[in-house]
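Dear colleague,

Please read the notes alongside the coordinates.

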Amino acid sequence: MLSLRPQRLIATPVFHRLLSLSAHTDKPTKWNSTHKSVQANPLLSLLESSKSMSHLKQIQTQMVISGLISDAFASSRLIAFCALSECRNLNYATKILRKAHNPNAFCWNVVIRGFSESKNPRGAVVMFVEMLRNGGSRPDSYTYPLMLGVCSNLLLKLMGCVVLGHVFQVGLDCDRFVGNAAIHMFVSCRELRDARKAFDESPVRDLVSWNSLIHGYVRSGLAREALGVYEEMVVERVEPDQVTMIGVVSSCAQLEDLSLGRKFHRLIEKNGLGLTPSLENAIIDMYAKCGNLEAAQALFDNMKEKTIVSWTTIIVGYAKHGFLEVARRLLYKVPERNVVPWNAIIGGYVQARRSKEALDLFNEMQARNMNPDEITLVCCLSACSQLGAVDVGIWIHHYIEKHGLSLNVALGTALVDMYAKCGNIKKAVNIFSDMPGKNCFTWTSIICGLSLNGHAQDAISYFEQMINTGLNPDEITILGVLSACCHGGLVEEGRKYFSLMNSKFNICPTLKHYSCMVDLLGRAGLLQEAAELINSMPMKADAVLWGALFFACYIHRSVLMGERAASKLLELDPHDSGIYVLLAKMYRELNMWEEAEQAQKMMKERGLEKTPGCSSIEVNGSVYEFMVRDNSHPQSKQIYDCLFQLTRQMDPLGGISEVPALWDDSLLGDPFGQQIFTSR
């Protein structure tokens, strides 16, 4: 039974030391001091009101002349100004620190903190190592949370463990702030077992500790574990705050558990927890992801302070459930110019496979002089992949290079995927090779791309390289390898990798994997083995799987097994005209005219017609779609004339035996898919 109401307050959260865990900020940290030594000394008082480095250097000169520079506290004020003020100059702060006579821990800490909040946070690691080697001042209870925060932001788990080793050596493992920073570091590095261990072994847990662990599980998609930690928190009678409730409400959103989400919403109202914008956004997100858009919209409408996150959350909610027009109307109402809601709606269109409209929105965004960010470009590259819009993809690639954007894993993977799906596999391989970092998705993109473009052996070679790097494949990676085996006719290799799915990679085959294997075996003429594989499956075969077997039977003219596969397909989808078309074609090619007529009659009785084909082509960055017998394009006559000439030129090469006029409707009337082009 879920307990929602804790009884009493045990710990009050203290966040001031955890400010060091934040990432780079352009805003200066408050560095001024009201210490009596500052107020008593004219030079130090002047330094506190200084607004420029030139002014600081004048004060420093006077401190050298007067001998004040040798005072540790006075030197620390100079270093604090250079490291933390709005005139921040970390190089100069480092110079003063290195020249100072026996600088104290505070001096080192402010420089480490300055680097941690700068665009070069790795400099904090360098300064920490230098502090240890210096041998003068030792790290203290302020140094270690700072360093663990740097390791959190940079995902430096090994360095974080080194820092913790020093913590245990100096006996600061019982410090509350150090303990919370350690939990946060492990959580940030997705090392949740270590985070849980640090949490369980901490003798001084407080609300920050509980919140860190709950949010760590949430960020890793482990919603049930997050709720389990909350239950423990309730048992120990620790009163939750808004941060806690953001975590548990977000867990309900991940689980799409509307009932539980409503319980927590009522608990928040009952306990009188103040609805901060972040908590309101989490509740709106929960209702949206659970499909209750009315409740989400009502909360959004009643918000006193709508942030850009609020607008983005409601837009994503509508887009996720297919209400893209509503989401788009909301987009135009966003009061501030911000790329984030645009990314949300563009991503929504891509997710709905309405990629042409996604690229139209991208063009509109540029027309409004809004600069795309990395997420925009990744979404648009995905749209290009769906459409085969290589010209737009190349423009985006040039944009990335022109603006000096780093080819990180997300952008690099999107580029590899785009070029591969648009047919330029050589370019995809080059980008893959140039990427400084690669993850499982990057390797999967190149493996699937090589497979798609017919480079079966190369796809398998890249798969073996991926395994050798220590990365584990996922379901899509294996699907790409099996597809490569299918395209290359590599039966033995296909059997091998299909067998390794469970035994080595602990991946249970899905219907798609079975379909790939049936297709591979069927194309190789191993129809009986393909049928046995279907019979041995732990799940019921779908239309795709039976379709693969049916097509293989058509290729190898196996009538009895083909009829069985067709029968199964008609049970699953009796309105799919393609089944009747292929069945009739198989009968005709085997001179079984009566059976062919029967299949044709069955199709007509059910009022079915052959589904017209659809093609698309990109010209000058615009994508055009064409259906069979499509005359909607204003230049359709010229297009058909061009196609007619192309077929005439292909005929001497032996590719075409009949060259009809493509705009002649009479040639397209056969419902059983009579081919315009009949291959020899």
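A search of the whole structure finds 23 salt bridges, a salt bridge being a side-chain nitrogen of Lys or Arg within 4 Å of a carboxyl oxygen of Asp or Glu. Please bear in mind that this is a predicted model, in which local features need pLDDT of at least 70 and side-chain atom pairs count only at pLDDT 80 or more, while totals for chains, interfaces and linings use all residues. Residues are numbered from 1 along each chain as its sequence is written, and side-chain values use heavy atoms, with hydrogens and water left out.

One of the pairs joins Arg354 to Glu357, with the closest N and O atoms 2.7 Å apart. Arg354 is partly exposed at a relative accessible area of 25%, and Glu357 is likewise partly exposed at 28% (buried means under 20% relative accessible area, exposed over 50%, and partly exposed in between, with a 1.4 Å probe and protein chains only).

Arg368, partly exposed at 39%, forms a salt bridge with Glu364, where the closest N and O atoms are 3.3 Å apart.

Lys496 and Glu464 also meet in a salt bridge, at 3.9 Å from N to O. This pair links distant parts of the chain, since Lys496 lies in helix H29 (residues 491–503) and Glu464 in helix H27 (residues 456–468), 32 residues apart; helices here are DSSP runs of H or I with at least four residues, numbered from the N terminus. Lys496 is partly exposed at 43%, and Glu464 is partly exposed at 28%.

Best regards

Conventions: Helices (H or I, at least four residues) and strands (E, at least two) are DSSP runs, numbered from the N terminus.
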